[in-house]
Amino acid sequence: CPSQSLGSGCSLQSPAQSCGRISAAIPHTFVIKSCTSHQKNDHIQNPDSYIKRSRTSFYRYLTMTSLNTKQRNDMCLLSPIVGILFFIILYITATLFYPGGSNTNKTYKGFDWLNNYWCDLIAYIAKNGELNDARPIALTAMFILCSSLILFWVYLPKLFPFYKYNHIIRFTGICSMIVSFFLFTGLHDMVIDVAGFLGIVALSGTFIGLYKNNMRWLFAYGLFCLMVMLFNYFIYTSGHFIFLLPSIQKGTFVLFLFWICLINIQIYRNNKNIH
């Protein structure tokens with residue numbers, strides 16, 4: 001064809017037309033290979049189209065990667081709830097290994113849910129004088145709980161991102177959990193005082209943030225939990241109604257941790273709505 005004019009049988013056609021035109025005279029396998037070679041060389045013949053398709057594929061990849069990363073980050077916001085569930089499981093497990101004894105009955109066998117404290121599980125020696133086999137499990141549970149609540153205080157500012165006291169809430173909340181972990185030491189009373197003070201500061205800021213952001217039901221429930229915690233502290237320091245303290249302590253644990261879970265779920269929902 002190069003040696004003939006256009007009128008003598010050659011014409012300027014697209015690769016697809018050429019392939020279809022000569023398919024009757026050329027073996028089918030050759031036609032397929034020829035058409036495939038045109039597709040493979042498309043980035044040479046049509047560079048603009050090739051670049052456009054490449055950009056589209058790259059943007060699609062970035063979008064999918066961003067969505068996967070966002071989903072992982074959203075799930076991380078629920079990690080405090082997972083930690084609290086692990087704490088409950090380990091707490092119950094630890095009670096099964098407690099030798100026995102309480103302040104009211106030194107000879108009681110096993111863990112007395114009415115008269116034993118949480119701190120009894122992390123003591124080196126049980127109230128009946130035996131070596132406390134529950135201690136390693138209880139300490140593990142306590143470490144998981146404190147770590148989970150540290151994450152909670154880290155994530156809490158996402159609930160009201162424009163609140164000016166967020167840095168104070170986060171700092172005092174984290175410090176309170178770090179101090180709380182040392183309850184198993186001989187500084188038990190001092191740890192309760194320091195951690196309690198830091199916790200009250202963090203909770204006060206949280207209540208103000210909840211109220212100003214119209215989360216009244218979380219505010220009311222949290223305020224109720226705070227009143228119960230203060231009642232615990234009153235009994236502990238004054239000695240009045242001391243026989244009720246072990247039971248009230250466990251009830252306070254349940255109420256407070258449930259409130260934490262509710263706030264954590266609200267943080268997760270808010271973060272999904274923002275994105």
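**View 1. F241 sits in the loop between α10 and α11 (245-274).** In this predicted model, F241 has a positive phi of about 55° although it is not a glycine. For background, most residues other than glycine have a negative phi.

**View 2. A nonpolar patch on the surface brings together F231, F234, F241, I242, F243 and L244.** Together these residues have about 570 Å² of accessible area. One of them, F234, belongs to helix α10, which covers residues 216-238. F241, by contrast, comes from the loop between α10 and α11. The relative accessibility of F234 is 39%, so F234 counts as partly exposed.

**View 3. The whole fold is built from eleven helices and zero strands.** Step back for a moment before the next close-ups. Read from the N terminus, the order of elements is α-α-α-α-α-α-α-α-α-α-α. The protein has 275 residues, and 37% of them count as buried. Among contacts with a separation of 6 or more, 63% are between residues 24 or more positions apart. The protein exposes about 16,700 Å², with carbon and sulfur atoms supplying 68% of that area.

**View 4. Helix α9 (188-212) has end C-alpha atoms 36 Å apart.** Its 25 residues should span 36 Å at 1.5 Å a residue, which agrees with the model. Which residues of α9 are buried? They are H188, V191, A195, L198, G199, A202, L203, G205, T206, F207, G209 and L210. Leaving out residues up to four places away in sequence, Y211 touches R216 and F219.

**View 5. T206, in helix α9, is buried at 1% relative accessibility.** Which residues does T206 touch, not counting those up to four places away in sequence? The partners are W153, L156, F160, I169 and W259. One of them, W153, is also listed among the buried residues of α7.

View 6. N214 is a residue other than glycine, and its phi is near 60°. Is N214 buried or exposed? N214 is exposed, because its relative accessible area is 59% and the cut-off for exposed is over 50%.

**View 7. Helix α7 runs over residues 135-155.** Its 21 residues reach 30 Å from the first C-alpha to the last, close to the 30 Å expected at 1.5 Å a residue. Have a look at the buried residues of this helix: I137, A138, L139, A141, M142, L145, C146, S148, L149, F152, W153 and Y155.

**View 8. I178 and C146 are 6.9 Å apart in space, C-alpha to C-alpha.** In sequence, 32 residues separate the two. I178 has its place in helix α8, residues 166-180, while C146 is one of the buried residues of α7. At 42% relative accessibility, I178 counts as partly exposed.

**View 9. Two cysteines, C175 and C261, fall in separate accessibility classes.** C175 is partly exposed, at 21% relative accessibility. C261 is buried, with a relative accessible area of 15%. The dividing value here is 20%, so C261 lies under the cut-off for buried. How many disulfides does the structure hold? It holds zero disulfides.

**View 10. Helix α5 covers residues 79-97.** Its 19 residues reach 27 Å from the first C-alpha to the last, close to the 27 Å expected at 1.5 Å a residue. Which of its residues are buried? P80, I81, G83, I84, F87, L90, Y91, A94 and T95 are.

Notes. Residues are numbered from 1 along each chain as its sequence is written. This is a predicted model: local features need pLDDT of at least 70, side-chain atom pairs count only at pLDDT 80 or more; totals for chains, interfaces and linings use all residues. Side-chain values use heavy atoms; hydrogens and water are left out. Helices (H or I, at least four residues) and strands (E, at least two) are DSSP runs, numbered from the N terminus. The expected span of a helix is 1.5 Å times one less than its number of residues. Buried means under 20% relative accessible area, exposed over 50%, partly exposed in between (1.4 Å probe, protein chains only). Patches are made of residues with over 30% relative accessible area and no salt bridge: like charges are joined within 9 Å, nonpolar side chains (Val, Leu, Ile, Met, Phe, Trp, Tyr) within 5 Å. Accessible areas come from the Shrake-Rupley method with a 1.4 Å probe; for residues, only the protein chains shown count as cover. A salt bridge is a side-chain nitrogen of Lys or Arg within 4 Å of a carboxyl oxygen of Asp or Glu. Contact means heavy atoms within 4.5 Å. A disulfide is a pair of cysteine sulfur atoms within 2.5 Å.
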